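Open the model in your viewer and keep the selection tool at hand. Each stop below says what to select and what is there.

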Amino acid sequence: MAEGIWRSEQAGAYARQVADPYHRVIPLSLIAPLVAEPLRVTVLKDALNVLDSIHGVYYRADALTHLAPHLPPDLLKEADEYCHSEPMEGTLDEALEGLAPFLPEELIASVLEEVDALSSAESSTCSGRISASFTAISS
């Protein structure tokens with residue numbers, strides 16, 4: 001697509017045909033920055049809608065991390081809400097780590113409070129990485 005071999009519509013259509021949901025989201029996340037509006041938002045919404053179909057919460061968190069850099073503010077809010085939903089249970093820290101550098105300012109304070117609340121030993125390392133992401137952003 002970047003080299004002009006496929007049009008953006010063709011690349012998006014091909015990616016949407018991938019049977020495995022996780023392997024569908026990854027190409028959609030790669031295509032998104034290369035397509036113009038409004039198709040970019042459509043591609044990203046399609047990718048977000050596929051997240052529930054991904055088997056395994058860690059794969060969902062990883063897919064969300066691939067999408068995060070390309071999401072506009074309204075879809076970042078949607079992604080943040082998704083992090084707190086039942087399909088993401090058990091991976092809140094991983095999902096927030098992927099979203100943290102891209103969240104709009106109005107969400108940062110509430111996410112930092114959540115990070116502080118993550119007190120289990122298993123998530124403390126990740127919580128530190130999330131806090132570091134916010135510190136780097138605010139500097």
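**Stop 1: A47**

Select A47, which lies in helix α3. Helices here are DSSP runs of H or I with at least four residues, strands are E runs of at least two, and both are numbered from the N terminus. This is a predicted model, where local features need pLDDT of at least 70, side-chain atom pairs count only at pLDDT 80 or more, and totals for chains, interfaces and linings use all residues. Residues are numbered from 1 along each chain as its sequence is written, and side-chain values use heavy atoms, with hydrogens and water left out.

Is A47 buried or exposed? A47 has 0% relative accessibility, so A47 counts as buried. Buried means under 20% relative accessible area, exposed over 50%, and partly exposed in between, with a 1.4 Å probe and protein chains only. Now show the contacts of A47: V25, L28 and L67, leaving aside neighbours within four places in sequence. Contact means heavy atoms within 4.5 Å. Then pick A63: its C-alpha is 8.8 Å from that of A47, and the two residues are 16 apart in sequence.

**Stop 2: V25 and helix α2**

Move to V25. Beyond residues up to four places away in sequence, V25 touches A47, V50, L51, I54, A63 and L67. Next, select residues 21-31, helix α2, where eight of the 11 residues are buried. Those eight are P21, Y22, R24, V25, I26, L28, S29 and I31.

Stay on α2 and pick S29. S29 is buried, with a relative accessible area of 1%. Apart from residues up to four places away in sequence, S29 touches H66, L67 and H70.

**Stop 3: α2 against α4**

How do α2 and α4 pack? Their axes are 9 Å apart, at an angle of about 10 degrees. That makes α2 roughly parallel to α4. Axes are lines fitted to C-alpha atoms, for helices over the stretch in contact, and angles run from 0 to 180 degrees between N-to-C directions. Under 35 degrees counts as roughly parallel, over 145 as roughly antiparallel, 65 to 115 as roughly perpendicular, and the rest as oblique.

Show Y22, V25, I26 and S29 of α2, then Y59, D62, A63, H66 and L67 of α4: these make the contact. They divide into six nonpolar, two polar and one charged. Ala, Val, Leu, Ile, Met, Phe, Trp, Tyr, Cys and Pro count as nonpolar, Asp, Glu, Lys and Arg as charged, and the others, Gly among them, as polar.

**Stop 4: α5 against α6**

Select residues 73-83 (α5) and 92-99 (α6), whose axes come within 9 Å and cross at roughly 165 degrees. That makes α5 roughly antiparallel to α6. Show L76, A79, D80 and C83 in α5; they meet L92, A95, L96 and L99 in α6. This contact has seven nonpolar residues, no polar and one charged.

**Stop 5: the cis bond**

Go to P38, in the loop between α2 and α3. The peptide bond from E37 to P38 is cis, with omega near -5 degrees. Most peptide bonds are trans.

**Last stop: the whole chain**

Zoom out. The protein chain has eight helices and zero strands. Of its 139 residues, 39% count as buried. The largest nonpolar core has 35 residues, and those with the most contacts inside it are V25, L48, L51, L64, L67, L71 and L99. Such a core is a set of buried Ala, Val, Leu, Ile, Met, Phe, Trp, Tyr and Cys residues joined through side-chain atoms within 4.5 Å.
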